[in-house]
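Hi everyone, thanks for coming. Please have the viewer open so that you can follow along with me.

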Amino acid sequence: MEVITTFLNGLSLGGVYALIALGYTMVYGIAKMLNFAHGDVIMVGGYTVMVFFNLTGQPLVAALIAVVFCSLVGVVIEKLAYKPLRGASPLAVLITAIGVSYLLESLAQIIFGSSHKIVMLADLGKLILGSLVIDLNTVVTLLSAIAIMAALTLFVNKTKTGKAMLAVSEDRHAAELMGVSVNKIIMITFAIGSALAAVAGTFYILKTPDVSTTMGAMPGIKAFTAAVIGGIGSIPGAMLGGILLGVIETVCNAIPALSNFSIAIEFGLLIIILLVKPTGLLGKKKREKV
Amino acid sequence: MALLEVENLEVSYGLIKAVKGVSFTVEKGEIVALIGANGAGKTTIMHAISGLIPKAGGKITYNGKDVTNLQAHKLVPLGISQVPEGRRIFQELTVAENLEMGAYTRKDKKEFDETLSYVYERFPILKERRKQVAGTLSGGEQQMLAMSRALMSHPDLVLLDEPSMGLSPLFVNTVFDMIKDMNALGKTILVVEQNANKALSIANRAYVLETGKITLSGTGTEMLADERVKAAYLG
Ligand SMILES: Nc1ncnc2c1ncn2[C@@H]1O[C@H](COP(=O)(O)OP(=O)(O)O)[C@@H](O)[C@H]1O
Ligand SMILES: [Mg+2]
């Protein structure tokens, strides 16, 4: 029974990683850059949830406000920091992204101070089925993550804007020749990725009620690893990588002999997968353009 | 007034000047060919017209409007459509989705359906394969798709960059037939080709480009008969 609980916890954590990984992978696929500051958007989401939860007492309202606010933050970051560097060397963009990351953390520290804040969002209780005890927070997180991923998949594959995102990701210039405004598509991508980061931030607080300026760092790195494992640029890859990493991490933590090594095992897995398949599990080999 | 007027166009890649003051015109309804060896600057000129690369100098006028500094995606609604070198179809999208992308700037559903049925009638293989990802098509079929995709935006001017490159003789003929059909539909054509023979035989007028400069121009027939053209491009 404990096996099932552990597995569910893993899937749920994996769902959160997947939501974050989607932000990395979509921005990478479409804007061709590593958004190093993506993890900090989780933190911005965390503080936004905290502020509006304290004001309204409504976790859902706080989460929705965080989603909207983080989308705006993502769009503004893209416009001010990344857009002027379009066409610049990838290294310049990466360093700018690191700068943005520190900027967001410092701003949060100036506004909220450096002490950790405890935010008890909600306790939905436990579901007891015979000897099986399931934390409802976990279930809600998992189901929401699945619903969001399904909606995103439909959006990307079925709507005109979604298809334009795929087109830009495959061949930016060809997409421009179809009349697609690449800048607009990149802006939408940042908005979606940042909204997902806000959702992930909310779930993170639901699981660990601790808000701090560095709360985005570890989930950010884990989710980035997940995106690379799945094949960076691939949307299903980010989902698969996130779930995989969440399950492995939770299972390792549940086994006493392995619990000290869970991070080492996760990154070891990354290295092995990249050795066997350098493009990641679902990543495609980049075709040479004529 | 010419539909497209290129005046003194200059394009540089860093310190290298790839296009050094090129001027030419394309009149409404014409087929104009631009021929030249590999590296002469043909693709660069095409990309400059369609707004993909910035210009170092000169002016481009389309339909009386100065479009020199317009971004690529803003030129499509004005009626310019490009079939890029190497086809550049979206390999991971289906054939039907590629055609939808071609119509990205169009709002009129009826018009879309009409063009789509024209394309599917003209190339039944595309209809048959409409649900397959485009990467599974053969090179020739991909070129049919690329040309069809360009039609979906209802262009007045179609720019074709080496549409017959790398294709079997059968598909080369299909490509040139399709160019004539597009022209018969009222589209003005600017085609870049290394297959000078074929291109000149369908062109009303042609220009020869050598290392970033236009060195010869005339009607298609004149150029086919020109000794210098024969020596350099009609081996
Ligand atoms: N992206 C680029 N960067 C630097 N030089 C380029 C680039 N694209 C083309 N060139 C150079 O510009 C010249 C013209 O190239 P291009 O327009 O592709 O010629 P063509 O289409 O006639 O074969 C060539 O010398 C080519 O090497
Ligand atoms: Mg070329």
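Let's begin with aromatic pairs: over all chains, the structure holds 4 of them. I count rings of Phe, Tyr and Trp (its six-membered ring) as a pair if their centres lie within 6.5 Å; planes under 30 degrees apart are stacked, over 60 edge-to-face, and the rest tilted. A pair of aromatic rings is described by the distance of the centres and the angle of the planes.

Take A:Tyr24 and A:Phe224: the ring centres are 5.4 Å apart and the planes stand at 55°, so this pair is tilted. The two residues are 200 residues apart, with A:Tyr24 in helix α1 (residues 2-31) of chain A and A:Phe224 in helix α9 (residues 217-230) of chain A, so the pair links distant parts of the chain. Helices (H or I, at least four residues) and strands (E, at least two) are DSSP runs, numbered from the N terminus.

Before I go on, a word on what you are looking at: this is a predicted model, where local features need pLDDT of at least 70 and side-chain atom pairs count only at pLDDT 80 or more, while totals for chains, interfaces and linings use all residues. Residues are numbered from 1 along each chain as its sequence is written, chains are lettered from A and ligands numbered from 1 in the order in which they are written, and side-chain values use heavy atoms, with hydrogens and water left out.

Buried means under 20% relative accessible area, exposed over 50%, and partly exposed in between (1.4 Å probe, protein chains only).

Now look at A:Tyr47 and A:Phe112, a stacked pair with 4.3 Å centre to centre and 10° between the planes. A:Tyr47 belongs to helix α2 (residues 38-56) of chain A and A:Phe112 to helix α4 (residues 90-112) of chain A, so parts 65 residues apart in sequence are tied together by the pair. A:Tyr47 is buried, with 2% relative accessibility, and A:Phe112 is partly exposed, with 24%.

Rings can also have a charge over them. That applies if NZ of Lys or CZ of Arg is within 6 Å of the ring centre and within 35 degrees of the ring normal. Here A:Lys160 lies over the face of B:Tyr104, 5.0 Å from the ring centre. Within chain A, the charged end of A:Lys207 sits over the ring of A:Tyr204, at 6.0 Å from its centre.

Over to chain B and its backbone. B:Arg88 is not a glycine, although its phi is positive, at about 50°. You will find B:Arg88 in the loop between β6 (80-83) and α3 (95-102) of chain B, and this residue is buried at 18%. B:His154 also has a positive phi, near 55°; its place is the loop between α6 (139-151) and β7 (157-161) of chain B.

Which protein atoms hold the magnesium ion (ligand 2)? The donors are B:Thr43 (OG1) and B:Glu85 (OE), lying 2.0 Å from the ion. Donors are N, O and S atoms within 2.8 Å of the metal (3.2 Å for Na, K and Ca), and water is not among the atoms, so sites may look incomplete. B:Thr43 sits in helix α1 (residues 42-49) of chain B and B:Glu85 in the loop between β6 and α3 of chain B, 42 residues apart.

Next, ligand 1. Residues around this ligand (a heavy atom within 4 Å) include B:Tyr13, B:Asn38, B:Gly41, B:Lys42, B:Thr43 and B:Thr44. A side-chain N or O atom of B:Asn38 is 3.2 Å from an oxygen atom of ligand 1, a polar backbone atom of B:Gly41 is 2.9 Å from one, and a polar side-chain atom of B:Thr44 is 2.4 Å from one.

Last stop: B:Ser81, in strand β6 of chain B, buried at 3% relative accessibility. Its side chain reaches the backbone oxygen of B:Ala150 at 2.8 Å, and a polar contact of 3.5 Å joins the side chains of B:Ser81 and B:Ser153. A polar contact is a pair of N or O atoms within 3.5 Å; within protein, one must be able to donate a hydrogen and the other to accept it, and residues adjacent in sequence count only if both atoms are side-chain atoms.

Thanks, and I'm happy to take questions.
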